[in-house]
Amino acid sequence: MARLPTSFDLSQPANLRSGRQIAQVDTSGLARGVAQLGGALQDIGADISRQRATVDLARAEASKTQGFIEAENEFSQDGDYSTFGKRAPERTGTIVNKAAELIRDPQLREKWKLNAQSDAARVNDSIGDRGRSLGRQAETVAFDDALEVNRRIYVDPETPEEAKAKAKADIEGAISTAQQAGLLTPEQAASRRDQFIKNAEFSRAKLAVERDPSIVAAPLPATVNDRASRAMGYLQSRGWSKEQAAGIVGNLIAESTLNTGALNAGDGSDGSDSIGIAQWNSDRARRLKEFAKLNRADWRDFGIQLAFVDHELRTTHKGIGDRLRNAKDITEAAEIGIMFEGPAGSEKGAKFAHNYKGRVKNAFQAAGVEPNPEWFKNLSPEEQQVVYNQAATRQRQIAVEQQGAIETAVNNAPVAIQNTGTYAGALPGRDEFMSAYGPQEGSERYSKFSAALDVATNAHNFQTMSADEIEATVNSARPVSSGDDAALETARYETLSKAAASTLAARNADPATYARQAFPNVNRAWEEAAASGNYQAAMTATANAQAALGVTEMRLMPKDVADRAVSQFKDVNMPEQGRINAVTGLVFSTPDAGQRRAVFEQLVEAGLPDAAEGAFDAYARGDEGAGRRLMEAAIIDPSKLPGTTNIKPAEIDAEIQAKIMDDGQIGDIFYGLSDGTVENQERAIRDSKLLTNAVNLRIRNGETLDAAINGAAKDLYGDVKPVTGNLDVNAQILVPSSMDEADVLGGLAGLLPTVRSRIEGSMAVPAGIATQSGEKAITEAVRTNYIDNVMAEGYFRNAGDGYVFIDPFVGAAIAGPDGKPVVFTDADVLSAPVPISKIDELPPEDAGAGVVRPRAQEEIDRETYGQFEPMLDELQQEQAPQPSAADRGGFDPGPISGGGGY
């Protein structure tokens with residue numbers, strides 16, 4: 001860029017004061033003055049006058065010379081060069097007048113001043129020349145600055161084309177005008193045309209391709225160009241215009257570079273590969289091969305593929321062919337060709353298709369029309385090659401940048417979607433993949449990425465699917481392809497299988513935490529529970545979530561909640577009541593007996609002594625004292641307490657066995673030791689440890705062995721007594737100590753007809769059994785014999801707040817039509833009729849009391865007793881169910897003789 005000259009570009013003074021070289025001033029006036037003065041001195045004849053005049057002239061000349069030098073230096077640094085012509089004479093005049101005052105002789109002074117004017121004029125001319133030079137330089141600089149502004153407008157890729165055209169015209173006009181006005185010489189004008197127009201075209205091209213490398217198209221390779229010419233000739237011979245043929249050929253170049261053997265692996269959407277110059281796939285690929293076979297040619301033949309293109313435009317794609325026949329220019333024909341090919345994005349319109357610009361440029365090149373902008377044509381061949389190379393480099397850079405962004409999504413999107421269901425970043429589409437990696441590799445990578453996203457979505461959905469639904473989803477993904485996408489299907493299936501296994505493993509390891517992570521409402525419920533200390537809503541939400549997931553072994557608490565509670569329970573530094581509350585608060589936070597059982601078992605898994613179960617039974621009965629004492633027995637190991645007792649451990653164990661666990665005792669009935677399940681045996685083992693500890697602690701507190709055992713048993717089982725039946729009914733039950741066992745047994749005996757009818761109902765003789773062969777009679781006899789044996793050997797047992805009848809041959813309670821055990825409530829027992837055989841034995845005063853029927857019922861004819869069985873069934877169905885312990889807010893102990901518990 002042009003610049004204004006500074007003072008450092010000009011001559012500087014050569015004296016010691018400034019250190020700068022200054023312009024040389026002609027001092028010949030001094031010699032002339034001295035010579036002229038010589039004659040005058042001779043005329044005067046006075047030595048003194050001559051000496052004085054000589055001194056004055058010398059002083060005046062020195063002052064003038066110094067003044068002129070300083071004036072020129074001052075003006076060389078003065079930017080107001082437009083006023084030099086006026087100010088310079090004033091300045092030099094002042095210098096001369098001041099110097100003249102040093103001459104004392106008036107006549108000599110005037111003569112000297114006349115001679116000094118010529119020197120002043122030369123200085124004024126010098127200063128004026130400098131001012132004019134500076135002015136010219138400033139105008140040139142301003143002119144060049146204006147040209148530079150327009151040059152920048154012209155080369156800026158963001159500038160609209162209309163503004164670019166005006167800027168270029170302004171540059172050309174300004175240079176011509178400046179040359180005509182004399183501001184620029186012809187050489188200077190030519191130099192500026194090179195700088196601001198010709199070089200600007202090159203700069204524009206480089207900036208343009210840096211922004212969009214697709215703006216220029218390199219010449220087609222020779223082999224592609226040759227095939228394009230052949231394709232153009234063939235299609236034109238079939239009646240298509242040059243423009244119409246170019247629209248098709250340009251798209252074929254974009255698809256395959258006219259390579260008949262081009263192969264692009266399918267994306268799985270159509271189950272096939274894309275082949276040939278048009279990258280036909282699916283049915284179109286199959287029809288190409290049939291077309292070639294019909295014409296006795298190899299489908300890979302260039303000519304046969306061109307013929308098939310023409311064939312499609314006249315048959316299967318006639319609609320597109322009709323539109324193409326009406327196309328008037330190359331761009332329109334290329335856009336119709338895009339719809340013929342159907343590349344990615346074209347479903348939204350031709351201009352949205354992948355490589356739209358490239359397809360149009362290919363079409364122009366196929367037609368022999370330069371596709372590049374007019375400004376690009378003004379470049380020299382060398383400059384064009386530079387721009388081509390820069391465009392190629394920039395395309396590679398963009399591809400690398402796109403690949404980086406794509407790899408970020410490829411690495412993070414599937415993980416994020418699997419974990420959260422969403423991905424905050426941008427998901428690249430097929431177009432971005434193809435732009436970054438090329439058509440073939442990009443398509444393959446996109447297919448893998450899409451499969452990964454699909455797997456991630458399914459894996460995320462696994463979180464809220466049941467195990468059966470997960471299995472079905474995985475099975476539906478089993479590989480079925482034997483083509484090129486078989487590997488992709490296999491990888492997808494394996495990944496999905498691993499995700500399913502991982503999901504189920506996490507779910508089984510900690511179902512409650514899993515439910516909390518998978519269901520936002522469950523997580524919110526636990527957050528609220530942590531703040532309020534009320535866990536009921538959280539456990540209910542967790543139970544519902546696990547039920548939806550199909551979890552069979554339910555866990556109602558996240559593992560960390562159970563671990564924290566048990567850790568507090570075991571903390572010996574905490575107050576005893578606080579330790580107890582840490583676990584009981586969780587168990588009794590729900591009134592549901594099943595949920596309480598699940599919470600307790602989870603606490604046991606976390607380290608709570610399993611012997612504490614009896615303590616929870618006591619709390620559930622509402623017996624706080626018993627619960628506290630049993631919890632102490634669960635916490636404390638008496639063997640580690642200081643001191644000893646007079647009773648040996650073996651004696652204590654023997655007494656507990658004899659008084660609690662032997663046949664017919666409370667423990668035997670409570671656990672069903674004679675024929676109990678494994679679960680009941682496990683409960684018996686737990687409670688034996690608890691009983692032993694509880695008895696030991698009582699003995700240490702001064703109780704006798706009998707009192708300690710009785711007290712510990714009452715704490716554990718409640719104030720109950722064993723009842724083992726009589727001649728009328730078999731039973732292994734526990735009843736409150738205050739209850740008359742005869743009343744209970746009488747009621748149970750009265751229920752036997754109902755029991756028999758339920759058994760008969762569940763063992764109906766199958767329809768269709770032949771009667772002539774005797775098969776039906778045999779079956780009925782076997783059935784009747786089995787029922788008689790069950791009625792004879794079976795017995796009643798406690799079940800929660802009621803009773804069940806045990807079939808001893810299967811070891812399970814008899815079931816109703818719904819397959820569930822038939823439970824007889826206390827109300828059923830108390831309202832049951834007394835067996836016929838006992839009616840005569842009832843004293844009058846017992847009529848209507850306990851299990852005895854009202855006296856009106858006793859008067860019913862015994863022979864017609866059987867007709868009341870249906871009435872009894874109806875009465876039992878109409879009997880309103882009594883509230884369970886759970887409904888009363890207590891801890892439902894469950895079947896007393898079936899293992900007790902929750």
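Predicted model: local features only at pLDDT ≥ 70, side-chain atom pairs only at ≥ 80, totals over all residues.
**Alanine 612**

I found alanine 612 in the loop between α25 (593-605) and α26 (613-621). Helices here are DSSP runs of H or I with at least four residues, strands are runs of E with at least two, and both are numbered from the N terminus. Which residues does alanine 612 touch, not counting those up to four places away in sequence? I get Phe600, Met631 and Ala634 (contact means heavy atoms within 4.5 Å).

**α24 against α27**

Met631 turned up again when I looked at helix α24 (residues 576-587) and helix α27 (residues 624-635). Their axes are 11 Å apart and the packing angle is about 95°; axes are lines fitted to C-alpha atoms, for helices over the stretch in contact, and angles run from 0 to 180 degrees between N-to-C directions. That makes α24 roughly perpendicular to α27 (65 to 115 degrees; under 35 counts as roughly parallel, over 145 as roughly antiparallel, the rest as oblique). From α24 I listed Glu576, Arg579, Ile580 and Thr584, and from α27 Arg628, Met631, Glu632 and Ile635.

Arginine 579 has a ring to note as well: it lies over the face of phenylalanine 569, at 5.9 Å from the ring centre. The cut-off for a charge over a ring is NZ of Lys or CZ of Arg within 6 Å of the ring centre and within 35 degrees of the ring normal. I logged lysine 289 too, with its charged end over the ring of tryptophan 299, 5.4 Å from the centre.

**Aromatic pairs**

How many aromatic pairs does a search of the whole structure find? I get 17. Rings of Phe, Tyr and Trp (its six-membered ring) pair if their centres lie within 6.5 Å; planes under 30 degrees apart count as stacked, over 60 as edge-to-face and the rest as tilted.

I looked up phenylalanine 291 and phenylalanine 308, a tilted pair with 5.4 Å centre to centre and 50° between the planes. Phenylalanine 291 lies in helix α9 (residues 282-294) and phenylalanine 308 in helix α10 (residues 302-314), so the pair ties together parts that are 17 residues apart in sequence. Phenylalanine 291 is buried at 16% relative accessibility, and phenylalanine 308 is buried at 2%.

My next pair was phenylalanine 376 and tyrosine 388, which counts as tilted because the centres are 5.3 Å apart and the planes stand at 55°. This pair links distant parts of the chain, 12 residues apart, with phenylalanine 376 in helix α14 (residues 374-377) and tyrosine 388 in helix α15 (residues 381-420). Phenylalanine 376 is buried at 1% relative accessibility; tyrosine 388 is buried too, at 13%.

I also wrote down one aromatic cluster, formed by Phe433, Tyr437, Tyr446 and Phe449.

**α15 against α16**

I then followed α15 to helix α16 (residues 430-437), where the axes are 8 Å apart at an angle of about 135°. That makes α15 oblique to α16. The α15 side of the contact is Ala399, Gln402, Gln403, Ile406, Glu407 and Val410, and the α16 side is Glu432, Phe433, Ser435, Ala436 and Tyr437.

**α11 against α12**

Helix α11 (residues 318-325) and helix α12 (residues 330-341) cross at roughly 175°, and their axes come within 9 Å. I put α11 down as roughly antiparallel to α12. Ile320, Arg323 and Leu324 of α11 meet Ala333, Ile336, Met339 and Phe340 of α12.

**Asparagine 696 and totals**

I found asparagine 696 in helix α30 (residues 678-700). Asparagine 696 counts as buried at 16% relative accessibility, and touches Pro638 and Ile652, not counting residues up to four places away in sequence.

Last, the totals: I have 37 helices and 8 strands in the protein. Buried residues make up 42% of its 902 residues.

Key. Residues numbered from 1 in each chain as written. Heavy atoms only, no water. Buried < 20%, exposed > 50% of the residue type's maximum accessible area, 1.4 Å probe, protein only.
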